[in-house]
Amino acid sequence: MPVIPSSSYRKPPFFLWNGHLETIVPSIFRKIEGVAYQRERIWTPDKDFLDLDWSKIGSKKLLIISHGLEGSSERHYAKGLAKLFNQHGFDVLAWNNRSCSGEMNLAPFLYHHGSTYDLDTVIQHVESTQRYEAYFLCGISMGGAQTLKYLGEKGLDLNPKIKKAAVYSTPCNLPDSAATLRERKNAFYKKRFLTKLKAKMKLKGQQFPGLVDLDRLDTVMDFDTFDTEYTAKVHGFDDADDFYRSVSADNWMKDIQIPTLIINALNDPLLMGKCYPVALAENHPKLFLEMPKRGGHTGFLISGQEFTWAEYRFLDFIRKG
């Protein structure tokens with residue numbers, strides 16, 4: 001322990017018969033109604049901005065949600081958590097990474113799996129302006145990696161009001177997750193992510209002429225090239241491999257000091273190998289690793305239910321003890 005030997009998630013609806021459908025169908029079709037965010041814009045130490053979306057009920061407990069790659073507070077998984085946790089007595093804050101709130105950010109860089117400085121800015125802002133008694137962190141996919149890295153970086157210096165954390169569909173090891181996007185079967189995800197990121201990089205290049213080679217951008221067809229020529233360049237890394245290794249959450253996870261749940265489905269098409277940190281969890285008293293056989297990537301649908309199994313599981317984990 002604490003590798004959880006048997007997951008309580010059994011199976012998705014009958015029409016989702018593989019990990020790809022479990023991933024794609026909720027991403028495209030799942031809608032959550034009834035979440036009305038109140039937006040707050042805050043400023044970072046480097047004079048950029050972050051947009052925070054609040055869903056308050058007047059609680060002393062706050063759930064802070066970090067979204068996935070090219071996601072936002074509007075994604076179904078963020079709104080699902082917001083609605084469920086509001087119903088069970090929590091205020092919710094879903095923050096948007098730079099460039100993800102509908103408006104291009106001001107700095108000559110965007111965000112990435114390791115940009116925990118912005119999560120820290122969010123938490124410091126909340127601590128200085130609000131009066132919560134307890135914080136709980138959760139992250140989905142890339143946001144899960146940011147959350148795990150942040151917790152490990154802070155270690156014993158973590159704000160004592162942060163009591164627990166939970167993440168799912170999380171690339172604990174970024175090199176292994178990146179490797180999945182080289183597989184032919186994952187061409188759909190590669191194209192979808194690259195299309196969005198290339199569009200943003202084009203805007204960033206127009207915002208800062210000479211920052212990147214815009215003439216080459218349209219010819220880039222794989223993540224290794226994009227991350228070497230663009231992501232690494234604007235964020236100060238040598239190349240894609242240096243970026244993946246340098247920001248990978250598992251460099252820091254051993255130093256996590258609070259109870260933290262990691263849910264990664266075994267049929268997640270975007271995870272492999274070290275994204276399932278079994279050896280670490282077996283020897284770490286605070287890391288709880290749950291590996292359902294099914295669920296896909298940010299899926300975990302339940303027949304006839306508004307909320308996913310992962311959302312219910314987060315609530316159960318955070319409320320216990």
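Predicted model: local features only at pLDDT ≥ 70, side-chain atom pairs only at ≥ 80, totals over all residues.
The side chain of S59 comes to 2.7 Å from the backbone oxygen of G89. When neighbours within four places in sequence are set aside, the residues in contact with S59 are G89, F90, D91 and Y132.

## Packing of helices α1 and α6

Two packed helices are described by the angle between their axes and by the distance between those axes. For helix α1 (residues 19-29) and helix α6 (residues 187-207), the angle is about 35° and the axes lie 11 Å apart.

On the α1 side, the contact is formed by H20, T23, I24, S27 and I28, while α6 contributes F188, Y189 and R192. Sorted by class, the residues of this contact are four nonpolar, three polar and one charged.

## The largest pocket

The largest pocket holds about 350 Å³ of space. Its lining consists of 20 residues, of which S27, L69, R75, R192 and F193 are the closest to the centre.

Two or more lining residues come from each of α1, α2 (76-87) and α6. The greatest contribution is that of α6, with five residues. By class, the lining comprises seven nonpolar, nine polar and four charged residues. S27 and R192, which are among the residues closest to the pocket centre, also take part in the contact between α1 and α6.

Technical notes
Residues numbered from 1 in each chain as written. Heavy atoms only, no water. Axes fitted to C-alpha atoms, helices over the stretch in contact; angles between N-to-C directions. Helix = DSSP H or I, 4+ residues; strand = E, 2+ residues; numbered from the N terminus. Contact = heavy atoms within 4.5 Å. Nonpolar A, V, L, I, M, F, W, Y, C, P; charged D, E, K, R; others polar. 1 Å grid on protein atoms, 1.4 Å probe; cavity = no way out; pocket = protein on both sides within 12 Å on 5 of 7 lines; lining within 4 Å. Points joined across faces, edges and corners; volume = space filled by probe spheres on them. Polar contact = N/O pair within 3.5 Å; in protein donor to acceptor, adjacent residues only side chain to side chain.
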